[in-house]
Amino acid sequence: MKMSEIKELSLAELNKKFRELGEELLQLQIRKQTGQVEKPHLIKSIRRQRAMISTALSTLKMQSA
């Protein structure tokens, strides 16, 4: 997901996507601990997506204040 795609989402959609990625990240980290992750690069990718969404959320909050 690119930053331009993230900027097009609404506040509710951003919050929902942030939570979904958090749950997915948790599951991947648990599977990594047990050695069952077949694509460990996804963990880094999800962390970056969450960071981009977090940035977009804080920007929206600053604009509304």
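In α2, the buried residues are Leu14, Leu21, Gly22, Leu25 and Leu28. Keep in mind that this is a predicted model. Here's a quick tour of α2, how it sits against α3, and the core that draws on both helices.

**Helix α2 itself**
- Helix α2 covers residues 11-33, so 23 residues at 1.5 Å a residue should span 33 Å, and the end C-alpha atoms agree with that at 33 Å apart.
- As for what covers the buried residues of α2, the cover includes α1 (3-7) and α3 (41-64).

**How α2 and α3 pack**
- Two packed helices are described by the angle between their axes and the distance between the axes.
- For α2 and α3, the packing angle is about 155 degrees and the axes are 9 Å apart.
- Angles over 145 degrees count as roughly antiparallel, and α2 and α3 are therefore roughly antiparallel to each other.
- The crossing of α2 past α3 is left-handed.
- On the α2 side, the residues making the contact include Leu11, Phe18, Leu21, Leu25, Leu28 and Lys32.
- On the α3 side, they include Leu42, Ile43, Ile46, Arg50, Ile53, Leu57 and Leu60.

- In general, nonpolar side chains tend to be buried together in soluble globular proteins.
- The largest nonpolar core here has ten residues: Ile6, Leu14, Leu21, Leu25, Leu28, Ile43, Ile46, Ile53, Ala56 and Leu57.
- Two or more of the core residues come from each of α2 and α3.
- The top contributor is α3, which gives five residues.

- Leaving out residues up to four places away in sequence, Leu25 touches Ile43, Ile46, Arg47 and Arg50.
- With neighbours up to four places away in sequence again left out, Ile43 touches Leu25, Leu28 and Lys32.
- Leu25 and Ile43 are 18 residues apart along the chain, and their C-alpha atoms are separated by 6.3 Å.
- Both Leu25 and Ile43 belong to the largest nonpolar core, and both also take part in the contact between α2 and α3.

Notes: Residues are numbered from 1 along each chain as its sequence is written. This is a predicted model: local features need pLDDT of at least 70, side-chain atom pairs count only at pLDDT 80 or more; totals for chains, interfaces and linings use all residues. Side-chain values use heavy atoms; hydrogens and water are left out. Helices (H or I, at least four residues) and strands (E, at least two) are DSSP runs, numbered from the N terminus. The expected span of a helix is 1.5 Å times one less than its number of residues. Buried means under 20% relative accessible area, exposed over 50%, partly exposed in between (1.4 Å probe, protein chains only). Contact means heavy atoms within 4.5 Å. A nonpolar core is a set of buried Ala, Val, Leu, Ile, Met, Phe, Trp, Tyr and Cys residues joined through side-chain atoms within 4.5 Å. Axes are lines fitted to C-alpha atoms, for helices over the stretch in contact, and angles run from 0 to 180 degrees between N-to-C directions. Angles under 35 degrees count as roughly parallel, over 145 as roughly antiparallel, 65 to 115 as roughly perpendicular and the rest as oblique. A crossing is left-handed if the near helix is turned anticlockwise from the far one by less than a right angle, and right-handed if clockwise.
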